[in-house]
Amino acid sequence: DAIFTFVILIAQSKETSLKQKQEKEQKIRYDNYRVFKIKYESLQQRQLLLELTKQYHSFRLWNENNNELHLMVKPDALPQFERQLKRANASADNFISNVQHLIDLEHEATTKSSPIFGWTRYNNLAEIENWLDEILSAYPNVTESFVIGESYEGRKIRGVRISYKSGNPGVFIESNIHAREWITSATATWLINELLSSGDDLVRGLTESHDWYIVPVLNVDGFVYSHQKDRLWRKTRQPSNISSCIGADPNRNYDAHWLENGGASTNPCAEDYAGPHAFSEPEIKAMSEYVCGIRDKLNVMLAFHSYGQLLLSPYGHTKFEFPYNYDDLMQVAKAFGDAIEGLPYGAVYKYGSAAGILYPASGATNDWAFSQDIKISYTIEFRDTGNFGFVLPPAYILPNAEEALVGIIALLAEAKKLG
Ligand code: ARG
Ligand code: ZN
């Protein structure tokens, strides 16, 4: 008996270690990949630095803001990186020395924490959908499930509508359009929970005087892929007809000045590939059709992203033109920023037009929504500003989510004043 048990134990431990090994082998690893902040002054310098990202296996652009690029560099490409820095006469500051280490810590925090859905860890798509079903059955009178359509791989793209009184002004929240931006769906789900259960008078008042349409994960295929295979996946998963590279940037795929002004790439391997044509990505086509169907009911569009701590208004395709209601948009944005600064966590948000304070980006959600007459329309870039980037440790989920709630409530209160 003892021997028998022993054999079983060995067999079991072999099986689990094999499983773990397979899981590890399956996933793309980022051992000793570094991420640098690079300051530049001239467009020529920027051009030289961005040239590197054409070698997308070795160099990946993480962010750009304030004359500063964040670039992830594969370890064996470091010499080339150094040479290009010299050519560009720029200097770099290394803020992540091993991307895989951050991914491992995040994974550990997730497997160690309670198996119950919560906000001390990042939840995967199945967990989010199960939780959504629980919420729907716990609040049957004020919630409603909706499906905006299907992804390329055939997954349903789900959302929840929260309404205490029909005919309220509508707020649409699009989240996790970029697969790796996990903080967005963590924040969107916390927000759903809080809107339904908060006891705070201000939160209750604004929650109940708006109709909410919240899609926690829009890019479902990419999100699943980022959990199972590549933590840093950004795009959709639809193959290309002209390249072996997969996916398009869904936030460059809307029919809003699509591909104009260098606001996206025509290269299917680029992180900001616009797709073969506007609305080529089934997720974005579904989103546009769903939103058009309820357009009359919508006053506000918020698109959740990370990272950078920014509230971005239209336009994204040009920094030389501004929306007719730009002053209103900035007044509302200020309320958002001030509310967050009032919290004890110390996060500060900047605001402005997307192209004005960031970089040109065409075919993005907030620009398209604005073109569809949803006049209070923003992209929100959540935490952080460049410590962990996309791999924000789960300990920051709650502070980030609370900032989002307080900011959005202040935003809606200010928007209401505009009438
Ligand atoms: N990080 C986002 C992206 O690259 C920001 C887009 C902002 N631009 C805009 N037009 N909304 O997709
Ligand atoms: Zn994003």
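The structure is a predicted model, in which local features need pLDDT of at least 70, side-chain atom pairs count only at pLDDT 80 or more, and totals for chains, interfaces and linings use all residues. Residues are numbered from 1 along each chain as its sequence is written, while chains are lettered from A and ligands numbered from 1 in the order in which they are written.

**Overall fold**

- The chain has 13 helices and 12 strands; these are DSSP runs numbered from the N terminus, with helices (H or I) of at least four residues and strands (E) of at least two.
- The radius of gyration of the chain is 22 Å, which agrees with the value near 22 Å for a compact globule of 419 residues; the radius is taken over C-alpha atoms, and the globule rule is 2.2 Å times the number of residues to the power 0.38.
- Along the principal axes, the C-alpha atoms fill a box of roughly 75 × 65 × 45 Å.
- Of the 419 residues, 45% are buried; a residue is buried if 20 or more other C-beta atoms, placed from the backbone, lie within 10 Å of its own, exposed if 12 or fewer, and partly exposed in between.
- Among contacts (C-beta atoms, placed from the backbone, within 7 Å) between residues at least 6 apart in sequence, 75% join residues at least 24 apart.

- Eight of the nine residues of helix α8 (residues 220–228) are buried, and the elements covering them include α5 (125–138) and β6 (156–162).

**Annotated regions and ligand 1**

- An unreviewed UniProt entry lists residues 121–415 as "domain: Peptidase M14"; UniProt annotations may be inferred rather than shown by experiment.
- That span is 36% helix and 17% strand, with its end C-alpha atoms 33 Å apart.
- The unreviewed UniProt entry also places the feature "active site" at Glu381, a residue in strand β12 (residues 376–382).
- Glu381 is buried, because 25 other C-beta atoms lie within 10 Å; its contacts beyond four places in sequence include His305, Tyr307 and Leu312.
- The residues surrounding ligand 1 include Asn251, His305, Leu312 and Asp367, each with its C-beta atom, placed from the backbone, within 6 Å of the ligand.

**Local backbone features**

- The peptide bond from Ser306 to Tyr307 is cis, with omega near 10°, and Tyr307 lies in the loop between β9 (298–306) and β10 (310–313).
- A cis peptide bond also runs from Pro314 to Tyr315, with omega near 0°; Tyr315 is in the loop between β10 and α10 (326–341).
- Asn89 has a positive phi of about 55° although it is not a glycine, and it is exposed, with 12 other C-beta atoms within 10 Å.
- Asn261 has a positive phi near 55° and is partly exposed, with 16 other C-beta atoms within 10 Å.

How values were computed:
Two residues are in contact if their C-beta atoms, placed from the backbone, lie within 7 Å.
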